[in-house]
Structure formats: structure tokens, C-alpha cells
Amino acid sequence: MRPEELLHSTPQGLYSPAGDFFIDPTRPVARALITHGHSDHARAGHGAVMATRRTLDIMAIRYGEGFAGTTQAAAYGERLEVNGVGITFHPAGHILGSAQIALDRQGCTIVASGDYKPGADPTAEPFEPVPCHVFISEATFGLPVFRHPDPAQETAKLTASLALFPERAHLVGAYALGKAQRVMALLRAAGHERPILIHGAMERLTDYYRSEGIALGAVHLARDAAPAELAGAVVICPPGAMTDLWSRRFPDPVTAFASGWMRIRARQNGVELPLIISDHADWDDLQASILATGCEELWVTHGQEDALVHWAGLAGLRARPLHMVGYGEEEAETTAAPDTAAPDTAAPDTAAPDTPAPESPETQP
């Protein structure tokens, strides 16, 4: 079977004509397979959704229990079939519940990776290379300039600043799904013992991570903290809240931002303490991960496509960009949800009170 008969790109997303389903479609469809819970990949309104249990849980938290007509949970490594196409979910290492989706039929195997990150992260299931004929990769950080430092090294910058400025709160901008919880875990690994304060938009997702056994230590809502508790506190909030009225309760805070984009954008955004912490593969990770699959062909969905396609050609792989639109925006939070009591559900692309604001890919400065 030719790969394009098993999977190809359409304006709605990756589509399998053999299986009659989409992967991470950008518009409502009859049947969707979802790689992870960020809003540029996981949208409400599909007739049927297959994803890992944790991704389904996250979608329900963000969009409400009725986010799809029907849902089906796929366990990692479990081979399922839809219309004769084999489907297997494998860990992607991006955020909790994230998955690469392997399709197989008539001797052809294609892996759609969604967003992925190799390397240690206690808040996500570890990435594993999946042998395939065609590997479909993102290229968010697909340029040689992007080589992420050790996250522990970046966290040490934050703890050093806490020691240097014990009288100032440290306001850390981080995306509500995945990045915020990872920063908490990194702080705990670095020995930070004080309660971490969070914006209300992060409460439900953080509670879910903790319910799944992710050790984050004591986490309190910032709005409930007494003024005396703010000195030397770490306060994690959506990026948009850093310049919102909400942030004015913190006198003279140290402003920090956790993102892979801090490699190049810290100065233009006035961040005092840039933390280069990314949940995406960097240039070296992309190359190593692609080669580890043993693939013969590479398709690149979004990001710095041309550079990665050029590298793949030099590495002896057939490669082409898919120029897919609508991805790479899961972390583009420009506004924050009001820090008030939480409702039962949240709209997918609007910030409801005290619920997770839509995530942006690390495109937000």
C-alpha cells in the first residue's frame, strides 16, 4: 500500500481514506484520533474520538463531558482496528497523556507523532521511538539555533533568584496545560519546599495531574494567599496574566517565563528571568528521534519545515513539508481567564472563569 492511501493531508488535517478517520482535525469530523490535549490538536465537536484515557480526561476538563458524541480510550501499546486499519498509541513525552499514533495496513506503517519531546520529564510518559516506514514530525524548534539546555540548569536560575531576592514574588509565565505542572515538578526536584501559588485558570488541570500521581507538592491558589505569603513566593500563571490587572497584587515581582522561545525572545518581551524550558523536541532531538524510527520517509507538519526537510534529504531520507495550517498555537495564550470561581465547563477557545485558558504552542513570547 502506498503511504498516501493510508494517510494524507487535507485542509481539515491528516486523513486516512482507508480507515475513514482524521488525526487531530482542525474542524469537527465524524471520527477523530487525538494525539494530546492542547487546543490546537484537541478540539470539541467530533462525532467520535479515540485518544488515551488521560487525553480524554483532559478534554473533558477543558471542554465539558459532552465534548464528543462518543469516546474510546486507547492504552499505550494496544493495537486496535478501525475499518481494517491497525491503530496503536505510543508515548510522545510532550505532556501527560500525549501519544504518537501508529497506523498499519498491508505492510505499510506510518507514525503521526503530534508534538513530542524525548528526555526525562516526571509529568509525562516518556517518549519511545516507533519503527515505521513514514514518520510524521513537527518542527516547532526545527532550526540549529534551538538547542535546549538542561531543564535542571534553568530551574537553578529560578531558585538562585529566589535566594537573591527573598523579598520579591517570582511571577512565572507558563502554559496552563503541561508546562505549569512541569515547572512545579522541576522546582520540587530542585529542593523548593514552599507552597507554589497558581492562577485560578490552572487549578483544575493541576488537580488532575495530582490525582494521576504526579508529585507537585503543596499548591495553593494565589488569590487566597495573604500579603505576607507573597514575599519569596513562586507564582505560576498563564502568560496573559503577567500583564493583566491580576498581577498588580504582587509588589515589584521578578518576572520569569518558561518557554523554549526564551532562547530568542526574552529581550523583546521584557522578561527579567527567561527560563528555556520546552515541551517540544529541539534541533538535535528532532534529528535523533527521526533517525531512531528507522523511517525511509519524513513528512513535516508545521514549524520550521524547510530546514528539517533539507536536513532529512542530506541524511538520505525522502522528505516533504505538509504545510499544515492550524497547528503550533496551543500555547498562544495572550489573555488569561479571570481568577474567580470555576464553572463546570470551559469553552474550547475562550477563557472561562478559573478554567484553563487555551494553550498556545510555544509561539507566545
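**Surface, sheets and ring pairs in a predicted model**

The protein chain exposes about 13,500 Å², and carbon and sulfur atoms supply 53% of that area. The model described here is a predicted one. Of the 365 residues in the protein chain, 60% are buried. Its secondary structure comes to eight helices and 19 strands. Among the contacts with a separation of 6 or more, 63% are made by residues 24 or more positions apart.

Strands of a sheet pair through backbone hydrogen bonds, either parallel or antiparallel. Six strands form an open sheet in the order β1-β2-β3-β4-β5-β6, and the pairing is mixed. The edges are taken by β1 (8-10) and β6 (68-73); each has a single partner strand, so one side of each is left without a neighbour in the sheet. On average, neighbouring strands of this sheet are turned by 30 degrees against each other, direction ignored. Within the sheet, β4 (residues 31-33) and β5 (residues 46-51) run parallel and are joined by three bridges. Here Ala-32 stands opposite Val-49 in β5.

An antiparallel example comes from β7 and β8 (residues 85-91), which pair over four bridges. The two strands form a hairpin with two residues between them, and Asn-83 in the turn has a positive phi of about 55 degrees. In a regular strand the side chains alternate between the two faces of the sheet.

Most residues other than glycine have a negative phi. Asp-24 is not a glycine, yet its phi is positive, at about 50 degrees. This residue is found in the loop between β3 (21-23) and β4, and Asp-24 is buried, with a relative accessible area of 3%. His-323, also not a glycine, has a positive phi of about 50 degrees. His-323 lies in the segment after β19 (318-321) and counts as exposed, because its relative accessibility is 52% and the cut-off for exposed is over 50%.

Another histidine, His-133, lies in the loop between β10 (108-112) and β11 (134-139). With a relative accessible area of 30%, His-133 is partly exposed. His-133 and Val-111 are 22 residues apart in sequence and 8.2 Å apart in space, C-alpha to C-alpha. Beyond residues up to four places away in sequence, His-133 touches Gly-107, Cys-108, Thr-109, Cys-295, Glu-296 and Glu-297.

Aromatic rings complete the picture. The structure holds eight aromatic pairs. In one of them, Tyr-116 and Phe-127 have ring centres 5.4 Å apart and planes at 25 degrees, so the pair is stacked. Both residues sit in the loop between β10 and β11, eleven residues apart, and both Tyr-116 and Phe-127 are buried. The rings of Trp-246 and Phe-250 have centres 5.1 Å apart and planes at 65 degrees, so this pair is edge-to-face. Trp-246 and Phe-250 are buried as well. Ring pairs also link Tyr-116, Phe-127 and Phe-135 into a cluster. Charges meet rings in this model too: the charged end of Arg-168 sits over the ring of Phe-165, 5.1 Å from its centre, and that of Arg-265 sits over the ring of Trp-261, 4.2 Å from its centre.

Note on methods:
Residues numbered from 1 in each chain as written. Predicted model: local features only at pLDDT ≥ 70, side-chain atom pairs only at ≥ 80, totals over all residues. Heavy atoms only, no water. Pairing = 2+ DSSP bridges. Axes fitted to C-alpha atoms, helices over the stretch in contact; angles between N-to-C directions. Buried < 20%, exposed > 50% of the residue type's maximum accessible area, 1.4 Å probe, protein only. Contact = heavy atoms within 4.5 Å. Areas by Shrake-Rupley, 256 points an atom, 1.4 Å probe, with all protein chains shown as cover. Phe/Tyr/Trp six-rings, centres within 6.5 Å; stacked < 30°, edge-to-face > 60°. Lys NZ or Arg CZ within 6 Å of the ring centre and 35° of its normal.
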